[in-house]
Amino acid sequence: MILANAFCLFFFLGTGADPVVSAKSNHCLDAAKACNLNDNCKKLRSSYISICNREISPTERCNRRKCHKALRQFFDRVPSEFTYRMLFCSCQDLACAERRRQTILPSCSYEDKEKPNCLDLRGVCRTDHLCRSRLADFHANCRASHHTATGCPADNYQACLGSYAGMIGFDMTPNYVDSSPTGIVVSPWCNCRGSGNMEEECEKFLRDFTENLCLRNAIQAFGNGTDVNVSPKGPSFQATQAPRVEKTPSLPDDLSDSTSLGTSVITTCTSVQEQGLKANSSKELSMCFTELTTNIIPGSNKVIKPNSGPSRARPSAALTVLSVLMLKLAL
């Protein structure tokens, strides 16, 4: 048993050459070596390998609870640039694919003597709030979509891969079902035997893993280096035409609204009266009051009272009269 554990450590830590293929063609071995060059990755990886390989008794191969905890620490604390390369590395032969399958030490963390019913396993997961949350994230981010180019919601491969890795270390831990280098199939350790009238629901739940188009495309794209998210198309907006405003006939440049002019001039003359001057105290002041409260038609000697109807007046003429008035008052 000691020799077996030593061989397993040697195999996973990647301290030697792969027995079948060279390191150049074994991307999973390259990923293991890259992890060993990072202190944090190497430390946490060595920790879970040691714990998950530690036999408790002849009838109990390991302490699964501690193994799961060590795996969660590894995937939560090590950057995805290391963990994803080990978990989703692309393979062209059985040796590489087997190394990929063995990444999470499935004999302890994944497999069991018998496969439980998938709905029962889901029920156990839902009793733990963190496992329930991780499973919900997986269903949300890896839900197969036929309306996107990648088959993933919002064309987001990274969200799906992160949700998959987030379930490792729980009762619902998924893994590769075999060592096929190209046929990527993952599943929790369960089946649908004994589902009774819930068999259809159980099969649907299991297919979310085994036949998940989004997850399969995401794993293949990451391994091939083509996992660049496709930018979602922006919503198309229809231009709204501004309401048409009917223009009113413009006034001649030398004319202004008589109403506004009359109001301002009357206010000015009233302020003069408020200073103690009466309207009939002088001829000039009387003229000011009369002319500034009337509208003068340019080019005519006619004077129209304000209440006799709308008319136009030159602002320059009114201002001239006002200037003369103020000058006389000053004298």
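Student: By class, what does the lining of the second largest cavity have?
Tutor: Six nonpolar, two polar and one charged residues. Here Ala, Val, Leu, Ile, Met, Phe, Trp, Tyr, Cys and Pro count as nonpolar, Asp, Glu, Lys and Arg as charged, and the others, Gly among them, as polar. Keep in mind that this is a predicted model, where local features need pLDDT of at least 70 and side-chain atom pairs pLDDT 80 or more, while totals for chains, interfaces and linings use all residues. Numbering runs from 1 along each chain as its sequence is written, and side-chain values use heavy atoms, with hydrogens and water left out.

Student: Which residues line the second largest cavity?
Tutor: Ile184, Val185, Val186, Phe209, Thr210, Asn212, Leu215, Arg216 and Ile219. A cavity is a set of points on a 1 Å grid over the protein atoms alone where a 1.4 Å probe fits but cannot get out, and lining residues have an atom within 4 Å of a point.

Student: Which helix gives the largest share of that lining?
Tutor: H12, with three residues. Helix H11 (199-210) and H12 each supply at least two. Helices are DSSP runs of H or I with at least four residues, numbered from the N terminus.

Student: And how much space lies in there?
Tutor: About 50 Å³, taken as the space filled by probe spheres set on the points, which are joined across faces, edges and corners.

Student: Switching to the largest nonpolar core, which residues touch the most other members?
Tutor: Tyr48, Phe74, Phe75, Leu87, Phe88, Tyr164 and Met172, out of 57 residues. H12 turns up again: as residues 213-224, this helix gives the most to the core, with six residues. A nonpolar core joins buried Ala, Val, Leu, Ile, Met, Phe, Trp, Tyr and Cys residues through side-chain atoms within 4.5 Å.

Student: What does Phe75 touch?
Tutor: Thr83, Leu87, Ile104, Ala165 and Ile168, not counting residues up to four places away in sequence. Contact means heavy atoms within 4.5 Å.

Student: OK, Ser90. Where is it?
Tutor: Ser90 sits in the loop between helix H5 (80-87) and helix H6 (94-101).

Student: Why does Ser90 count as buried?
Tutor: Because its relative accessibility is 18%, and buried means under 20% relative accessible area with a 1.4 Å probe, protein chains only.

Student: What is Ser90 in contact with?
Tutor: Beyond its neighbours within four places, His27, Cys96, Arg100, Gly223 and Asn224. Of these, Cys96 is also in a second, separate core of five residues that includes Cys28, Cys89 and Ala97.

Terms used:
Buried < 20%, exposed > 50% of the residue type's maximum accessible area, 1.4 Å probe, protein only. 1 Å grid on protein atoms, 1.4 Å probe; cavity = no way out; pocket = protein on both sides within 12 Å on 5 of 7 lines; lining within 4 Å.
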